[in-house]
Amino acid sequence: MNKIKAAIFLAPGFQTSEAVITIDILRRANIPVDIVSLSPQLLVKSSLNMTINCEKEINKINFNDYKILILPGGTLGVANLNKNQLLKKHLVDFANDKNKFVAAICAAPQILGQLNLLNNKRVTFYPGCDKDLDLAIKTTQPVIVSDNIITGKSVGCAFQFALQIVTILLGQDSSNKVRQELEF
């Protein structure tokens, strides 16, 4: 794969800002991001009743095109993401490939825990959203990188989460450039 490309997956009830901020920051860093729906319905409503028009459907993407898979939080959104077996299969594949990355924020790390991808790895998550994280090393930090898995704590940490993804994919200079542009 020559070009670094990201996919962010939206399911009904996703946390609005976690998705939008991540997409915005990555695109500012010139990382192509595909916004992917889990169904043929490309209009997906967030936890705050905002509708995002996804660009692709999960059943029509080639996962080999991506360097990173990103999961926003939101209790209902995470429950809906967790129902998709194709997504979960590829999360496992990416987590087991040291040349690929998986990123999850807020309640979404629970999906990774359920898939046993966080065993003995450091993780952060929204307080109380620690189902299936018993074998993880829990922290309260805003963002954690553990091997090729990036986790973010909450919507309040969405900028740090997205900037950490930029750092991992493109390096600190690219992340600093975006930080400066944002005056973050």
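In this predicted model, Ser-17, Glu-18, Ile-21, Thr-22, Ile-25 and Leu-26 of helix H1 are in contact (heavy atoms within 4.5 Å) with Ala-158, Phe-159, Phe-161, Ala-162, Leu-163, Ile-165 and Val-166 of helix H5. By class, 10 of the residues in this contact are nonpolar, 2 are polar and 1 is charged. Here Ala, Val, Leu, Ile, Met, Phe, Trp, Tyr, Cys and Pro count as nonpolar, Asp, Glu, Lys and Arg as charged, and the others, Gly among them, as polar. H1 spans residues 16–28 and H5 residues 158–170; the two pack at an angle of about 35 degrees, with axes 9 Å apart. Axes are lines fitted to C-alpha atoms, for helices over the stretch in contact, and angles run from 0 to 180 degrees between N-to-C directions. Helices (H or I, at least four residues) and strands (E, at least two) are DSSP runs, numbered from the N terminus.

Residues are numbered from 1 along each chain as its sequence is written. Local features need pLDDT of at least 70 and side-chain atom pairs count only at pLDDT 80 or more, while totals for chains, interfaces and linings use all residues, and side-chain values use heavy atoms, with hydrogens and water left out.

Helix H5 also contains Thr-167. Thr-167 counts as buried because its relative accessibility is 17%, the term meaning under 20% relative accessible area, with exposed over 50% and partly exposed in between (1.4 Å probe, protein chains only). Leaving aside residues up to four places away in sequence, Thr-167 touches Gln-172 and Ser-175. The C-alpha atoms of Thr-167 and Ala-29 lie 9.8 Å apart, with 138 residues of separation in sequence.

Strand S11 (residues 149–152) is covered on both faces, with Ile-149 and Thr-151 buried on one side and Ile-150 and Gly-152 on the other. S11 pairs in the parallel sense with strand S7 (residues 101–105) over 4 bridges, and strands are taken to pair if DSSP finds at least two bridges between them. Within this arrangement, Gly-152 is the bridge partner of Ile-105. With strand S10 (residues 143–146), S11 pairs in the antiparallel sense, over 4 bridges, and Ser-146 stands opposite Ile-149. The hairpin of S10 and S11 has 2 residues between the strands, and Asp-147 there takes a positive phi near 60 degrees.

The structure holds 1 aromatic pair. Phe-9 and Phe-63 form this stacked pair, at 6.0 Å centre to centre and 10 degrees between the planes. Rings of Phe, Tyr and Trp (its six-membered ring) pair if their centres lie within 6.5 Å; planes under 30 degrees apart count as stacked, over 60 as edge-to-face and the rest as tilted. Both Phe-9 and Phe-63 are buried.
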